[in-house]
Amino acid sequence: MPANNFCQELWNQFGACIDMLTNCIHTVPDDFFSHHKRAYYLSFHTIVFLDYYSSFPPTSFTPLLSFTQLPVEQRPAESIGDMIPDAIYTKEELLQYVEVIREKCKGLVFSLTGDTTQPRFTEGSEAGDMDYSFLEILIYNLRHTAHHVGLNQHMEWSFREGDISFIKK
């Protein structure tokens, strides 16, 4: 069983990563996503996958904000992947979703035991389907989220609340 210290240290990093995502969304003006669709699609993608990769088994995934999967030719040019949100959700709706996932992720991290590192996050048996241990999908989820928060930062976003550097002329 991982020591409680391990769980706390893992949560410190995972929680900080989620804080960066929250701060990116919180910092922008309320109407930012209406005018910056690529940033909106990137943040939606990040939030939905943060939730999906925290769903055991993955077939239990039920997003709090709905989306439609579209083929390439029907996707908006600014979209990220095939999960197209069914609306331009408000900043508050996105932040509320992140808070729900934060608690879900924290619960997963602190549930780690010798036994829980063995169940697998398995999507299926097709080529390209994910098949990760419980611990590895948590770390993958942290990395995926941090990667996209970093992309958002380079797309006129800021990492820290109060660092209003998202408007570039």
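On a 1 Å grid over the protein atoms alone, a pocket is an open set of points where a 1.4 Å probe fits, with protein on both sides within 12 Å along at least five of seven lines. Grid points are joined across faces, edges and corners, and a volume is the space filled by probe spheres set on the points. With that, the largest pocket here holds about 150 Å³ of space.

Before the details, a word on the source. This is a predicted model, in which local features need pLDDT of at least 70, side-chain atom pairs count only at pLDDT 80 or more, and totals for chains, interfaces and linings use all residues. Residues are numbered from 1 along each chain as its sequence is written, and side-chain values use heavy atoms, with hydrogens and water left out.

Back to the pocket. What lines it? The largest pocket is lined by His45, Phe49, Tyr52, Phe61, Phe67, Gln69, Ile80, Gly81, Asp82 and Met83; a lining residue has an atom within 4 Å of a point. Helix α3 gives the most, with 3 residues, and both α3 and β1 (67-69) supply at least two. Helices (H or I, at least four residues) and strands (E, at least two) are DSSP runs, numbered from the N terminus. By class, the lining has 6 nonpolar, 3 polar and 1 charged residues. Ala, Val, Leu, Ile, Met, Phe, Trp, Tyr, Cys and Pro count as nonpolar, Asp, Glu, Lys and Arg as charged, and the others, Gly among them, as polar.

Next, how α3 packs. The axes of α3 and α4 (residues 91-110) come within 9 Å and cross at roughly 25 degrees, which makes the two helices roughly parallel. Axes are lines fitted to C-alpha atoms, for helices over the stretch in contact, and angles run from 0 to 180 degrees between N-to-C directions. Under 35 degrees counts as roughly parallel, and over 145 as roughly antiparallel. Contact means heavy atoms within 4.5 Å; among the residues making this one are Tyr40, Phe44 and Ile47 of α3 and Leu94, Tyr97 and Ile101 of α4. The contact of α3 with α4 has 10 nonpolar, 1 polar and 2 charged residues.

Now α1 (residues 4-27). Its axis comes within 11 Å of that of α3 (residues 37-52), at a crossing of roughly 150 degrees, so α1 and α3 are roughly antiparallel. Phe14, Ile18, Leu21 and Ile25 of α1 meet Thr46, Ile47 and Leu50 of α3. That contact has 6 nonpolar, 1 polar and no charged residues. The axes of α1 and α4 come within 10 Å and cross at roughly 175 degrees; this pair is therefore also roughly antiparallel. Its contact residues divide into 13 nonpolar, 5 polar and 5 charged.

Last, the backbone. Most peptide bonds are trans. The bond joining Phe56 and Pro57 is cis, with omega about -10 degrees. Pro57 sits in the loop between α3 and β1.

Note on methods. Angles under 35 degrees count as roughly parallel, over 145 as roughly antiparallel, 65 to 115 as roughly perpendicular and the rest as oblique.
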